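Please read it with the sequence and the model open.

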Amino acid sequence: MLVIPNLRVVFQRNYAIFSDLAGPYDVSDLEPDGEIAGHGTHVTGLAGAGRNGFGMQGVAYNATLLPLRAIDGYTANAPFNAVLYAAENGAQVLNGSYGPVTAEKFIQDDSGRWVPNPTWQLLPTSTPALFNSEATHEVLMEAAEADVVLVYAAGNEYQDQPNAAALPSGAGLLPLITPANTASGLYRFVDDSLDFNVQDPSTWTYISASDARVANLDFSDLRGKLIVVVSADREGEIASYSNRCGAAAAWCITAPGGDFLDTVNYSSDESQLWSTYPYSTYKDMAGTSMASPVVAGSVAVLREAFPYMTAEQIIEVVLTTANSTGIYADQSIYGRGFLDLKTAIQGPIEFGAWGFGSVFDVNTRGYNSLWSNDIRGSGGLIKRGAGTLVMSGQNTYTGATQILGGKLVVNGSIASSAQLTVGGEATLGGSGVVGDTLVAGRVAPGNSIGTLTVDGNYQQLAGSVLEIEINETGQSDRVNVTGAADIQGAKLEVLGLRAGALGQDFSFFSAGSLAAGSFFDTSALNRAFIDMSSVMSGTSFNLQVRRNNAAFTSVAETGNQRATAAAISAQGLGGAAYDEFVLLPNAGQGPDVLDQFSGEIYASAQSALLETSGALYRASTNRLFSREMGASYGGPLGQVSRSVPGKRHQLWMQALGSWGSLGATADAQRMTRSLGGLLFGGDTPVGQSGYAGLSMGLTTSSYNAAGNSTADTDGYHLMSYLGWSANRFSVRGGIGQSWYRIDTKRNIAYNGLGQAQSKANATSTQLFAELAYALSQGQCSRGAVLGRSACLAIA
């Protein structure tokens, strides 16, 4: 198994082998005779070697690589099967650093020495093989339909066949194949169904341009679906061996591939490209095979940067952003020019470029993206799908712009665009400049607060929305129209409203002229205590923010709510609670918000503590009653007792539990409660008819009140009790002391104010007494209570 440090962690697991010369799962560069042929490893490193501190890094060092072994010169259909496999297994970019072999000036003899080819002939033009061309076209179209970007080397034939090398060979030539080009003799088909010696052109059989097998062949549907790459040396000039772009210039680009010859400033060794090689080594190599993965790696970077773009759109960005100045203006050699990834990573640079459609129709599919190039051209833009696309360049393209989905933010300029249309489901934003604009959707000027300039005319239809943000210093978003504006009742929405805006006017729209009857619909802006209205002033609109006459107490329903509202109102503008409550959206929300502010649970919790004291009182009197009744009485529910030796003294335990609520009143809302706990005690007879005892206990209580308020209370209790009975009369009484720890939480959800918490301690002292008279019912006795306890709770 080969170990290449840069490539160790980036391979996909579903690699495959299509060569008959390789064993199963053998993706190494070992030939059957054991020789190392590291071409594939070298190419792979240039495209995607990892950035891990070893040797070198590839262009797309974050890419996942899918190695496929297919090119061996012996196995039929292996390259075709490999391409289809890549497309079916999720490849987004396919690099093809392979192509057909031509008749070479020098060939290797049986001993491996390079000797002149005795059968060499100078070919007059490119000579595609018919069967191979047809099969390749079919396979590449399937891959293109799977949204794979196809990148192919142009060939290294120039020194051997300069006439043929005026065009790319292999896949890069295919889009040129049309009936017209076939008839013109731009290339000549070779019949590869017959035996021939590739190094001896005299054995080749050419097919007449009028032959039915080739006369109507049309592979032009591959245009826009692949990139063919010629190679430049380290000086940036066309490499000595490289094919040229020629008539394939529309889909051809130049990239670094190195050279085998010395140049003006570099030796041949310095001019070659250093990349990964089998067995943890690195090597210099050169060729269009090396230039192609540089482009393929760049394409992978762009597919990561713009994951929403189709393969054809990525190809358009790569080709149109190439450097076409200076020597690269010669399209016959350099095609579109020299690869410029720095520019390409900033997005499109031309709409309607030659060889491409007049409209760049992109669906951002929920992604947010930035295009910062200055986009030129006669074409236009359609933006579809969810997500925000930001255009920050000073764009000069002249075609129309349509926003049909998501949001387009213009922070630069698209003023030269013939017409900007904002669809009903779309949004226009930013602080840049646009041209003539028609709005059926939403306009949200600024990035936070800013001005969107319309250098032209502006029409906003009924049902559309203008969304503005304001602040307390009097600033607001603004639309500034230099031409005529027609506002047909568009809805106005306001963000950022704070109490400090009260009493201020905000200028949010201006135009050179306004159509008669223009107005903004502000009917949905008013709040419980604030009125907002749009007022026309000349050819501008101002937003007025005013406090209305509604009192805060007008939205209250209970006494506590009215008291809270009055206290908030007394703070006045600038008070923390006032500044929040005055923003109340509508009166119906008032009671709930006032409950959140009021802290009613603090008072209600104190009332609930009296309920806890009552439970303790009842437990003590029930205990005295059970002692009076003796062994014939089973005792109250939840109480167990045991006599100590001598049977005069008893120890007992009582479980406490209750659930209930404090009902709503004119002043307070309903509060639910729950109580649980244990009491432990002991008592002894006193005289002939009395009992005295001491008890202690632990309780825990929970309370839930209006306004998302809760309280949890832990109680600790100590109580003494005394009882006396004679005939049917009983007198019972006692004194108790309780200590409480109260944890209170209030979730103030209104305006996201958060949670208020407090911890408090409370004590409760209670005195209780009751007079009871026993009534006989058969064999049972029941006590009728004629008196009640008196409790005092102090917090």
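**Notes on the disulfide and the rings**

1. Cysteine 252 is buried, at a relative accessible area of 0%; cysteine 245 is likewise buried, at 0%. Buried means under 20% relative accessible area, exposed over 50%, and partly exposed in between, with a 1.4 Å probe and protein chains only.

2. This is a predicted model, where local features need pLDDT of at least 70 and side-chain atom pairs count only at pLDDT 80 or more, while totals for chains, interfaces and linings use all residues. Residues are numbered from 1 along each chain as its sequence is written, and side-chain values use heavy atoms, leaving out hydrogens and water.

3. The whole structure holds one disulfide (a pair of cysteine sulfur atoms within 2.5 Å). Cysteine 245 and cysteine 252 form it, with their sulfur atoms 2.0 Å apart. The torsion about their S-S bond is about -65°, so the disulfide is left-handed.

4. A search of the whole structure gives 28 aromatic pairs. Rings of Phe, Tyr and Trp (its six-membered ring) pair if their centres lie within 6.5 Å; planes under 30 degrees apart are stacked, over 60 edge-to-face, and the rest tilted. Phenylalanine 552 and phenylalanine 581 form an edge-to-face pair, 5.1 Å centre to centre with 85° between the planes. Both residues are buried.

5. Tyr458, Phe508, Phe509, Phe520 and Phe541 form one aromatic cluster.

6. Arginine 244 lies over the face of tyrosine 158, 3.5 Å from the ring centre (NZ of Lys or CZ of Arg within 6 Å of the ring centre and within 35 degrees of the ring normal). Arginine 188 lies over the face of tyrosine 206, at 3.9 Å.
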